[in-house]
Structures are given as C-alpha cells and as structure tokens.
Amino acid sequence: MRYELYYWPMIQGRGEYVRLALEEAGAGYVDVARRGNGMSAMTRMMEAGKGTPPFAPPFLKAGKLVIGQTANILLYLGSRHGLAPKAEAGRLWVHQLQLTITDLVLEVHDTHHPLGPSLYYEDQKAPAKKRSDEFWKERLPKYLGYFEDLLAANGGAYVTGRRLTYVDLSLFQIVEGLRYAFPNRMKAFEGDIPGLVGLHDRVAARPNIKAYLASDRRIAFNEEGIFRRYKALDA
C-alpha cells in the first residue's frame, strides 16, 4: 500500500511523528501537500462534509481509510509495520504512551504561545517567558523523568524493552526538538536523562532514520513549527 500523508508543507509539526514511523518502516508514502496542488487537495478533504472528514492535519489516507490525529495514525501504522507489540495489551500500552507524548507536545507549544495561537509570539513575550520557566522547572522533568524511569525499569534499548516502537521514534523527535528550541536549557538538563539521550542516539543511527535525516524529505526546524527558538526563552 502506498500511503498519502496530509500535513502542512512548511513545518515538521505533529506530522513529523507520522513521517518518522513511515520512514522507519520503509513504507511508501506521498507527502501530499508538498507537491503541486496538494494543499488544495488537503483542504477539500477536510471540507468534504460527508463520510469521516478529518478535523485538521495530520491525517493519513490508507486505501479507503482516512485516519486523523497523530496518535491514532500511529496506532494504525504500528500494528501493520512492526512498530508496536502484537498483543492487544501491549498495543494499548504504547498508544497510551503516545497520548502522553501528545500532551507534552502541547505543553512545548505553549511555551511560546501560552495565550493561544491566534496571537503572535511578540504579543505574549512576558507570559511566554513565565510559562517557559515553569515548563523547565516543573513540567518537563515530570514528563521526561517518567520516560527515563520506564527505560531503566524495562532494561532494554527502547522504552518497552528490546524492540523499537513508534514511541521511541517520537521520543527521539522530542529530544531533537528541545535541543533546537532550547539549546542552553537542554544542554544543562541532559545529564538528568541519560537514558533518553542514549535512546535518541540509537534511533538516529538506525539506517532508515539516518537516511531520512540526511534527505530533503526532512524539513528543517523553524519558527513556524512546534519547536521554536527564541533567545529570551532559553535563558
């Protein structure tokens, strides 16, 4: 099956978690909105008004199925491409972990847009600084400490043990994104999460991921996405 991924063409965003899974699996896919009239096609699907139209990108077209929401897409791909446990309990556990990552991604976004996405960063600098300080003091240690403990408890190379799942790919993206957005804070923090740093490095070295990161399919981080570098927030 050749998948069609629909997401904004200028950012990594939430679509990147899906791209990483597709790339690791070696699955054939088209990043639709990055081609020709793909943006128009994406808009038409969201405005279809019948069937099961997605609310927002990312969404994935797999044959006749149209699947929205990042964690939902990964739940689908994981069981079909060896990126999730075979047993139902294991699949649900990995899905639960991905939903936790979804919560973390929202909190990352709110470090620079705590008053909402309808305002520019320049209109909310003071609240953003306050939110970023709280994020690094309280929220991020709680989230990444949780995953660090899971790695240690399972004693494997990956979160659930010896086999990679899509959650490991997503945690790679979290570490990579935080390094981009908060280079100073992250450098000081990485000593608290050696397991996750090692996980990041193992994922980056996997052949399919390594090739993807070096290709033009990997969109560069920028100040339009979830992970944004603002010097005032990285003090």
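Predicted model: local features only at pLDDT ≥ 70, side-chain atom pairs only at ≥ 80, totals over all residues.

Entry 1, Gln69. I looked up Gln69 and found it exposed, with a relative accessible area of 57%; buried means under 20% relative accessible area, exposed over 50%, and partly exposed in between, with a 1.4 Å probe and protein chains only. Gln69 is not a glycine, yet its phi is positive, about 75°. I place Gln69 in the loop between E4 and H3; helices (H or I, at least four residues) and strands (E, at least two) are DSSP runs, numbered from the N terminus.

Residues are numbered from 1 along each chain as its sequence is written, and side-chain values use heavy atoms, with hydrogens and water left out.

I found a cis peptide bond between Pro57 and Pro58, with omega about 5°. Pro58 belongs to the loop between helix H2 (38-46) and strand E3 (59-62).

I recorded a space of about 900 Å³ for the largest pocket. Its lining has 37 residues, and the closest to the centre are Tyr7, Trp8, Arg14, Pro57 and Ile226. Strand E4 (65-68), helix H3 (70-80) and helix H4 (88-112) are the elements that give two or more residues to this lining. H4 supplies the largest share, 7 residues. By class I noted 22 nonpolar, 9 polar and 6 charged residues; Ala, Val, Leu, Ile, Met, Phe, Trp, Tyr, Cys and Pro count as nonpolar, Asp, Glu, Lys and Arg as charged, and the others, Gly among them, as polar.

For the terms, I work on a 1 Å grid over the protein atoms alone: a cavity is a set of points where a 1.4 Å probe fits but cannot get out, a pocket is an open set with protein on both sides within 12 Å along at least five of seven lines, and lining residues have an atom within 4 Å of a point. Grid points are joined across faces, edges and corners, and a volume is the space filled by probe spheres set on the points.

The largest cavity has a volume of about 70 Å³, and its lining holds 5 nonpolar, 5 polar and no charged residues. Among the lining residues are Ile11, Gln173 and Phe227.

I counted 8 aromatic pairs; rings of Phe, Tyr and Trp (its six-membered ring) pair if their centres lie within 6.5 Å, and planes under 30 degrees apart count as stacked, over 60 as edge-to-face and the rest as tilted. The rings of Tyr6 and Phe59 have centres 4.8 Å apart and planes at 10°, so this pair is stacked. Tyr6 lies in strand E1 (residues 3-6) and Phe59 in strand E3, 53 residues apart. Both Tyr6 and Phe59 are buried.
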